[in-house]
Each structure stands twice: as C-alpha cells, then as structure tokens.
Amino acid sequence: MGKNMSQMFLYFGVVPLVISFITLFITTNNFLINIILPLIIGGCIAGGIASKRLLKIEEDSRHSFLFLLPIVYTAVLWAIFMLISGGFLGADSWLVYGILHIAMAPIFFITMLMGEGRLFLWAPLAYELAFVFTLFVAFLIKKVRPTFNKKQVVTLLAVFILAIGIGAGVQWQRSKTVLPSYGFEYGGGYSSTDLTPYEVTNPSNILPKLESPSTFTIKNSSEMPRLDGAEAAYPVYSAFANTVYENISKVDNVMDIVSFTNTIYAYERLLSGEVDIYFGAEPSKEQQEMAKRQGKELVMTPIGKEAFVFFVNPDNKVDSLDVSEIQSIYSGKIKNWSELGGQNERIIAFQRPKNSGSQTLLEKIMGDIPILEPLKEDVPEGMGGIIEQVADYRNYDNSIGFSFRFFATGMRDHSNIKLLAINGVEPTPVNIASGKYPFTANLYAITLKNNSKTTIEPFLEWMKGPQGQEIIEKIGYIKN
C-alpha cells in the first residue's frame with residue numbers, strides 16, 4: 001500500500017507541480033491553451049509511464065482504481081467551494097481551495113491574477129482525466145482487464161457525478177443573475193464604446209463644425225474650464241471644446257482639460273474640484289446628498305433635450321410598453337414576454353450601475369416601487385482577480401435594456417436593437433421636442449457655485465445660445 005501511495009504522490013503531486021511551473025514560461029495568445037494543453041500532454045505522458053508498471057506487475061494493476069481518487073477529490077473539493085462561495089470565483093475562499101490543491105498552486109496563482117476562475121476545475125481535471133484516459137487506453141491495447149472492486153469503482157463514479165452535479169447546479173443558479181463578462185475595451189476601461197471619433201486630438205474626428213466662426217473663444221489653456229461627464233455626453237462637450245478652446249488639439253495637457261471617466265467618477269471629480277463642468281443627466285439622490293455633505297452647491301444648466309429609451313431585440317414582437325408595464329418588469333412583477341403579447345420567454349431585464357445617469361432616471365420612473373437586483377457579471381481585474389459589477393447589456397432575444405436615445409442610436413451600432421414606444425408614443429425628435437414622449441430628459445452642464453474661474457459663466461451662456469444649440473442639434477440631441 002505504501003508503494004501505491006508513493007506512486008500517487010509522484011503522479012498527482014510532483015509531476016503536476018512541475019508541469020504547473022512549466023506553464024508559467026509558455027506564451028501564446030490564448031491563456032487557457034497555455035495552461036490546459038501542457039496539463040493534458042503531461043497527463044498523457046504520466047499515464048503512459050504508469051501503465052507500463054501496472055501492466056508488468058499484476059498485483060499493482062489491482063489497485064488501478066486508486067488513480068480515480070484524484071478526479072473524485074477535485075470534483076468534491078470544487079463542489080464544496082462552489083457552495084461556500086456561491087459560485088463567485090473571486091471569493092477569498094478559493095485561496096484555501098488552492099492550498100488543498102497545492103500541486104496546482106502556480107497555476108491557481110496566475111489564475112487569480114488573470115481572473116480566469118474556470119481553471120479551478122479545468123486545470124486539475126485536464127491533467128487527471130488525461131492520465132486516467134491514457135492508462136485505460138493502454139489496458140485496452142494490451143487487452144488487460146484490471147481486477148477492480150466494482151463496488152469501489154461505482155461508488156467513486158457516483159460521488160464524482162454527484163459532486164459535478166452540485167457544482168454545476170450552483171453555477172446554473174448563479175447564471176440566472178450573473179453573466180460572464182464582456183468587459184469594456186475603450187476609454188481605459190471606463191467606456192463601452194469607441195470614443196476616438198469624438199476626441200479633439202483625433203485629426204479625423206467627426207465633431208460638428210459651426211456654419212460661422214464662434215462668437216466666444218478661450219485662448220489661454222489655464223482659463224479653459226476642465227470638462228468631464230457621462231459617456232453619452234462626451235461628443236457634446238468634446239465638440240464644445242473643439243469649437244471654443246483655441247488650438248485645443250495642440251494644448252499640452254489636453255487630456256486633463258477634455259477628459260472622460262464616466263458618470264460616477266466624473267461627478268466625484270466635479271465635487272473634488274478636479275474638473276469645472278460635468279455634463280450628463282440629473283444627479284442621483286445619493287450624488288445630490290454627497291454634494292450637500294461636502295457643502296457644495298450645484299448649478300444645473302440645461303443645454304439640450306434627450307429621450308430616455310427602452311430597447312429590445314428586433315425579433316421581439318413587443319413594440320410598445322406602458323409606464324406601468326415598465327415598472328412591473330423592473331420590479332419583477334412581470335417576468336415573461338407572453339404577459340405583454342410577446343413570445344413565451346423569460347424577460348432578462350438589464351440595468352446600469354448605481355448613480356449612472358440612466359439608472360438614476362429608471363429610479364425616477366420606478367418611484368417608490370422596489371427595483372429588482374440588477375444582473376451582474378464577473379469581471380477579470382488583471383492584478384486584482386475577479387470582481388462583480390452590473391452587467392452590460394446583451395442583445396439576447398428576450399432582453400430589455402435602457403439608455404439615452406443618442407447613445408443607443410448615434411454612438412453605437414443600433415441595427416440590432418429596436419426602440420420601444422412608451423404609452424404608444426415613439427421617441428422621435430418631434431415627440432421629444434414637444435414633450436409628448438413621456439421619458440424626455442434634460443442634458444445638463446453642471447458646475448459648482450463657488451467656482452471662481454471667470455470663463456465658466458460666459459461659456460455656459462454660449463452653450464445656451466444659438467451656436468451652442470447648433471452644436472447640440474448637429475451632434476444628435478434635441479436643442480432647447
């Protein structure tokens with residue numbers, strides 16, 4: 001028995017540990033292949049070597065079932081930690097899992113850094129299954145039939161299937177509310193769409209130009225108000241800067257003057273004094289309270305109109321929703337499209353992060369009605385492992401999402417979404433301008449009352465004037 005245990009230690013301790021270290025020095029474009037392929041190859045080689053000994057010594061072949069133990073151990077351990085963590089692969093408890101699977105420690109360390117939690121199961125199983133598969137192929141080729149204790153083997157297989165089933169069940173349950181990450185590729189991870197066409201430093205930008213020279217300009221970079229705001233507002237304030245700030249594309253600190261860090265961070269930067277003007281929808285209650293706690297008074301200047309829109313996949317039969325139906329969807333009262341005249345499919349209702357402009361407007365529509373917990377996604381955080389955040393919209397057949405009309409139809413490819421009418425009224429420019437569309441919102445330029453920069457006030461007046469409104473309209477918003 002001692003000999004068998006030493007063999008187990010060698011094949012499932014020493015060998016996979018060596019392979020784990022080897023994977024750290026393999027570089028391809030696919031991280032998963034870097035890890036999985038060497039483990040499969042190593043498992044096959046180790047299984048082939050082990051089979052030669054087992055085939056030579058009949059007594060050893062009787063204990064072949066012992067090589068099933070690591071597979072069962074991995075499955076049971078994974079199921080236990082899936083239950084403990086609720087399926088969240090960024091939980092601290094997976095550190096303990098790594099210690100209990102010490103042969104894979106180098107791989108699990110990189111896994112945590114890369115945010116690839118799937119390898120907690122796939123890495124050890126890749127080696128162990130390759131080992132056992134090769135072992136039994138060798139037995140088949142040599143026409144050797146190991147003398148297994150059938151009861152032991154059946155028990156091990158039953159435990160393995162049960163453990164995988166439990167872990168998969170946790171994962172399936174979690175998949176209802178947590179999706180795999182799409183991630184943001186743009187704006188340093190802050191933006192979900194490419195903002196390059198709207199950058200003042202881009203010689204080929206698509207920012208609109210005035211029909212006549214600007215009646216207001218700022219020449220000195222130190223007098224230029226620093227701008228930041230919501231993703232949907234970026235084209236607007238970038239166009240304002242491109243028009244009013246003289247030679248802005250050549251200014252040394254241009255990225256500090258015309259910046260983008262999205263709604264949540266931009267608002268915080270306004271309060272801290274890092275930026276002078278914030279562009280976006282009205283602040284949330286939490287953001288307004290944040291300003292009060294800091295003793296800051298907000299000056300909200302409406303500079304344009306926009307529609308808050310809901311959208312679905314074009315194949316969805318539903319074309320219009322009442323306000324009460326929107327409230328019922330986002331409170332969880334209505335859960336299936338068949339209740340609204342659509343297909344018999346579960347409604348997947350996407351939201352936006354707390355304190356974002358569009359989420360604030362959803363909260364306003366919902367009033368005192370509690371909102372469902374938003375769908376989440378597991379996001380790899382590089383050196384920080386995995387975190388959970390509100391999931392970005394996925395255009396599934398049964399999805400519904402919301403945004404601002406300009407962002408949904410002007411900044412992103414909107415050929416695969418359908419804007420819904422609300423109370424039978426479509427979000428057209430005419431309906432928005434007249435106020436007929438029920439979810440019409442203001443686009444604001446928000447400043448702090450105590451800001452002493454003298455160029456801010458005339459800049460705001462210019463935005464409200466004919467030339468500022470010309471820019472607003474050319475961008476795709478509705479002028480005041």
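## Contacts of Phe 310

In this predicted model, Phe 310 is in contact (heavy atoms within 4.5 Å) with residues beyond its neighbours within four places in sequence, namely Ile 326, Tyr 330, Leu 362, Ile 365, Ile 400, Gly 401, Phe 402, Lys 418, Leu 419, Leu 420, Ile 422 and Phe 439. Together with Ile 400, Phe 310 touches the most other members of the largest nonpolar core, which has 83 residues. Such a core is a set of buried Ala, Val, Leu, Ile, Met, Phe, Trp, Tyr and Cys residues joined through side-chain atoms within 4.5 Å; buried means under 20% relative accessible area, with a 1.4 Å probe and protein chains only.

A second, separate core comprises 42 residues, including Tyr 11, Leu 119, Ala 123 and Val 132.

## Packing of α4 and α7

Helix α4 (residues 69-85) and helix α7 (residues 119-141) have axes, fitted to C-alpha atoms over the stretch in contact, that come within 9 Å and cross at roughly 160°. The two helices are therefore roughly antiparallel, a term for angles over 145 degrees between N-to-C directions.

From α4, Pro 70, Ile 71, Thr 74 and Trp 78 meet Leu 121, Pro 124, Leu 125, Glu 128, Leu 129 and Val 132 of α7.

## Chain overview

The chain contains 18 helices (DSSP H or I, at least four residues) and 12 strands (E, at least two). Of its 480 residues, 51% are buried. Among contacts between residues at least 6 apart in sequence, 74% join residues at least 24 apart.

## Basis of the values

Residues are numbered from 1 along each chain as its sequence is written, and side-chain values use heavy atoms, leaving out hydrogens and water. Local features need pLDDT of at least 70 and side-chain atom pairs count only at pLDDT 80 or more, whereas totals for chains, interfaces and linings use all residues.

Note on methods:
Axes fitted to C-alpha atoms, helices over the stretch in contact; angles between N-to-C directions. Parallel < 35°, antiparallel > 145°, perpendicular 65-115°, else oblique. Buried < 20%, exposed > 50% of the residue type's maximum accessible area, 1.4 Å probe, protein only.
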